[in-house]
Amino acid sequence: MAVVFRDVLQRRKAEEALRDSEERQAFLLKLSDALRPLSAPSDVAETACRVLVEHLGASRAQLTEVTGEPGAEVGETRGQYVRSGQGMPKRYLLKLFGEQLVAILRTGHSLVLSNTANDPRLSQAQREAFSHAESPSAITVPLIKEGCFVANLTVHDHKPREWTANEIIFVEETAERTWAAMERARAEETLREREADLARVQRIGEVGGLDIDIAQGLRSVRSPEYLRLHGLPQDGREESHADWLARVHPDDRHPAERALFDALESDGFSYDGEYRIIRPSDGAVRWIHARADIERDGDGKAVRLVGAHTDVTEQK
């Protein structure tokens, strides 16, 4: 009998690493698909926690924002998903779970707990705090932004558990992607609020705003107040140059267009004009005063016009 022994350890390690990588990529794709349509930061946090808990077979997870000075940090739960057990309170002191553990988080390192009942880093009071929170095992990933401890993502299990290296990576990557998605949602939320405020200011002042892309054939985007002033439907935010020109009174059409193109073809940075329109909604003739800034490229060519329209019929 002839026997050949071959060391396949490296091959097995490579195969295992490949499986882990493929599993992570599939999970991150699922996470991205789940977060992409969400517009509220709290929805982003809750959905990320749900996807993570379901994938790891854990009991619950929460994303907590952190405020306060070191040693007195306060956690604010922004989103959580509970499959079993009790959820975290809306607000709590981090030091209740042990200053030694919180100090690890401040350094930016993930905290892995396999069995809080016998962890030597915990006092009896802190073990009781974990027991009360139904968290005998957990992974907590801190988020350090610009040198500050701003948040953490924690996944819990209802029993002691030896977390694998791959599971720790799952939580770490989920934390970073969730925070990025929440920041995007916050920025979009702020933009929506600013747009709403701007629309209210325009409505109060009866000023219609417009943004004309000169490089793309004078296509324009108009504000809701512009549409009202011009007697246009509220779903018609975009229009072409020809659409605008057709609305201008026939007697003013040529001089109004000429004044616009003279401004664009000059080397100036502003446009000012007055003309009449015939409002499509009711056929009324209204005087419009148009003012705008002209943006130019490095060669001085006009590329964008941002302006405002006011109805000056009563003044006329």
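Reply: Happy to; we will go through cores, strands, salt bridges and the surface in turn. Keep in mind throughout that this is a predicted model.

Me: Let's start inside. How many residues does the largest nonpolar core have, and which of them have the most contacts inside it?

Reply: The general idea is that in soluble globular proteins, nonpolar side chains tend to be buried together. Here, the largest nonpolar core has 33 residues, and Leu52, Val155 and Val171 have the most contacts inside it.

Me: Which elements give two or more residues to this core?

Reply: They are the helices α1 (9-35), α2 (41-56) and α5 (165-205), together with the strands β1 (60-67), β5 (137-145) and β6 (148-157).

Me: What does leucine 52 touch, leaving out residues up to four places away in sequence?

Reply: With those set aside, Leu52 is in contact with Phe27, Leu153, Val155, Phe170, Val171 and Thr174.

Me: Now a strand, please. How many of the residues of β1 are buried?

Reply: Seven of the eight residues in β1 are buried, so to speak the strand is mostly covered. 

Me: In which sense does β1 pair with β2, and over how many bridges?

Reply: To read a pairing, look at the direction of the two strands and then at who stands opposite whom. β1 and β2 (residues 74-82) pair in the antiparallel sense over eight bridges, and threonine 64 stands opposite threonine 77 in β2. The hairpin of β1 and β2 has six residues between the strands, and glycine 68 takes a positive phi near 105° there.

Me: Over how many bridges does β1 pair with β6?

Reply: β1 and β6 pair over six bridges, in the antiparallel sense. Glutamine 62 stands opposite threonine 154 in β6.

Me: What is the strand order in the open sheet of six strands?

Reply: Reading across that open sheet, the order is β9-β8-β7-β12-β11-β10, with antiparallel pairing. β9 (238-239) and β10 (270-278) stand at the edges with a single partner strand each, so one side of each has no neighbour in the sheet. Elsewhere in the sheet, β7 (residues 207-213) and β8 (residues 219-222) pair in the antiparallel sense over four bridges. Leucine 210 has arginine 222 in β8 as its bridge partner.

Me: On to charges. How many salt bridges does the structure hold?

Reply: The general idea is that side chains of opposite charge can pair when their charged atoms come close. This structure holds 25 salt bridges. One of them joins glutamate 65 and arginine 78, with the closest N and O atoms 3.1 Å apart. Glutamate 65 lies in β1 and arginine 78 in β2, so the pair ties together parts that are 13 residues apart in sequence.

Me: Is glutamate 65 buried or exposed?

Reply: Glutamate 65 counts as buried, because its relative accessibility is 16% and the cut-off for buried is under 20%. Arginine 78 is partly exposed, at 34% relative accessible area. Glu65 and Arg78 are also linked with Glu183 and Arg186 in a network of salt bridges.

Me: How far apart in helix α6 are glutamate 225 and arginine 228?

Reply: They are three residues apart, which means a separation of about one helical turn. Their side chains meet in a salt bridge (2.8 Å, N to O). Glutamate 225 counts as buried at 5% relative accessibility, whereas arginine 228 is partly exposed at 43% relative accessible area.

Me: Where is histidine 230 found, and is it buried or exposed?

Reply: Histidine 230 is found in the loop between α6 (224-229) and β9. Histidine 230 is buried, with a relative accessible area of 0%. Not counting residues up to four places away in sequence, histidine 230 touches Arg247, Ile277, Arg279, Pro280, Ile288 and His309.

Me: Last, the surface. Which residues form a nonpolar patch there?

Reply: Met1, Val3 and Phe5 form that patch, with about 490 Å² of accessible area together. Methionine 1 lies in the segment before α1 and is exposed, at 99% relative accessible area.

Key:
Residues numbered from 1 in each chain as written. Predicted model: local features only at pLDDT ≥ 70, side-chain atom pairs only at ≥ 80, totals over all residues. Heavy atoms only, no water. Core = buried A, V, L, I, M, F, W, Y, C linked by side-chain atoms within 4.5 Å. Buried < 20%, exposed > 50% of the residue type's maximum accessible area, 1.4 Å probe, protein only. Contact = heavy atoms within 4.5 Å. Pairing = 2+ DSSP bridges. Patch = residues over 30% accessible without salt bridge, like charges linked within 9 Å, V, L, I, M, F, W, Y side chains within 5 Å. Areas by Shrake-Rupley, 256 points an atom, 1.4 Å probe, with all protein chains shown as cover. Salt bridge = Lys/Arg side-chain N within 4 Å of Asp/Glu carboxyl O.
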